[in-house]
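Biologist: I have a sequence and a model on the screen. Can we go through the packing and the strands by question and answer?

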Amino acid sequence: MDIKDLRAFYAVVEEGNISHAAMRLNVTQSVISRQMKRLEESLGVRLFERGNRQIRLTDAGRAFHLRTENILGLLDGAIDELQNIEGGAAGTIKIGTITTSGAFILPRLIAKFNEQFPNVKFELWEADGSRIFELLDSRIIDIAITRTQAADDIYASIVLSGEPLMIIMRSVAPIGDANETVRLAELKDTPLIVPLRWQSALIDSCRRLGFNPNIVCVTRSSIMDLLFVRQKMGVAILPAFALDMTSGDDLIAKRLIEPEMTTHTVVSWLKNQPLPLNCRHFIDMFREMFATPPVNS
């Protein structure tokens, strides 16, 4: 087998069928089919279930897909690292992020970085925190953006100061007596749209005040939260960074108090591995824009 066969296999699995993989790699379907046959002969196992229009992997195929993801991640990382050593800020920065952090930080940060380093490309992965750290440990990504405290012996990190949680609501139907804050007790009976990671804390806080929250939707997507608010499903609980996505439209945000609930964003990378030059530039710019002062770096 060669690296082209591995890339073809990875594309087939990711795209779900040979025709889409062929378009992605700019080759014919027959070329992809020959590569898959050669790969199976080389490995001595069946990677795909036959007789299905949609690609289905065998147990061996699923195991090989995970290994291929790791292999290609390491190879691409090595290529990017060499390009950075040779030519300065170039190559690709691979970032894994959860939606509640990435959606509010990355657009502004990447746009500014692109102005200064136009030859750097980005590859973004979106998943939950545990999966993001798996990708980082495997060196498939270079940088992780999560809301999980990273182990100091494994990762270097920057921790942003606590971000208050906000109540996002329609401007025509404001909640709360104050202009800038909402007491948790004022949300009694209000339909709530809540990210999964804060569901338990919210329920506990409400019960201490003597009521059960009216949670109508639990999500993993900040974008979906805002869309649900616009559809009049209720109000959403999101970090302060959500303000960047609500200004100038029909939504407003008020800080949640009594009790105040906070969260934080953590940017992490492997501590004992060389970080490519482009990633170092990226982290420096992150510090300048968001971390004042940087913590645990």
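Biologist: Leaving aside neighbours within four places in sequence, which residues is Phe-282 in contact with?

Modeller: This is a predicted model. Once neighbours within four places in sequence are set aside, the contacts of Phe-282 include Ile-93, Ile-95, Leu-106 and Leu-109.

Biologist: Which members of the largest nonpolar core touch the most other members?

Modeller: That core has 37 residues. The ones touching the most other members are Ile-93, Ile-143, Ile-168, Phe-282 and Phe-286.

Biologist: How many residues does the second, separate core have?

Modeller: Ala-8, Val-13, Ala-144 and Leu-270 are among its members. The size of this second core is 28 residues.

Biologist: Why is strand E4 largely enclosed by the rest of the structure?

Modeller: Tyr-155, Ser-157 and Val-159 point one way from E4, while Ala-156 and Ile-158 point the other way. Residues on both sides are buried, which here means under 20% relative accessible area. E4 is largely enclosed because the number of its five residues that are buried is five.

Biologist: Which residue of E12 stands opposite Ile-158?

Modeller: E4 (residues 155-159) pairs with E12 (residues 266-270) in the antiparallel sense, over five bridges. In E12, the residue opposite Ile-158 is Val-267.

Note on methods
Residues numbered from 1 in each chain as written. Predicted model: local features only at pLDDT ≥ 70, side-chain atom pairs only at ≥ 80, totals over all residues. Heavy atoms only, no water. Core = buried A, V, L, I, M, F, W, Y, C linked by side-chain atoms within 4.5 Å. Buried < 20%, exposed > 50% of the residue type's maximum accessible area, 1.4 Å probe, protein only. Contact = heavy atoms within 4.5 Å. Helix = DSSP H or I, 4+ residues; strand = E, 2+ residues; numbered from the N terminus. Pairing = 2+ DSSP bridges.
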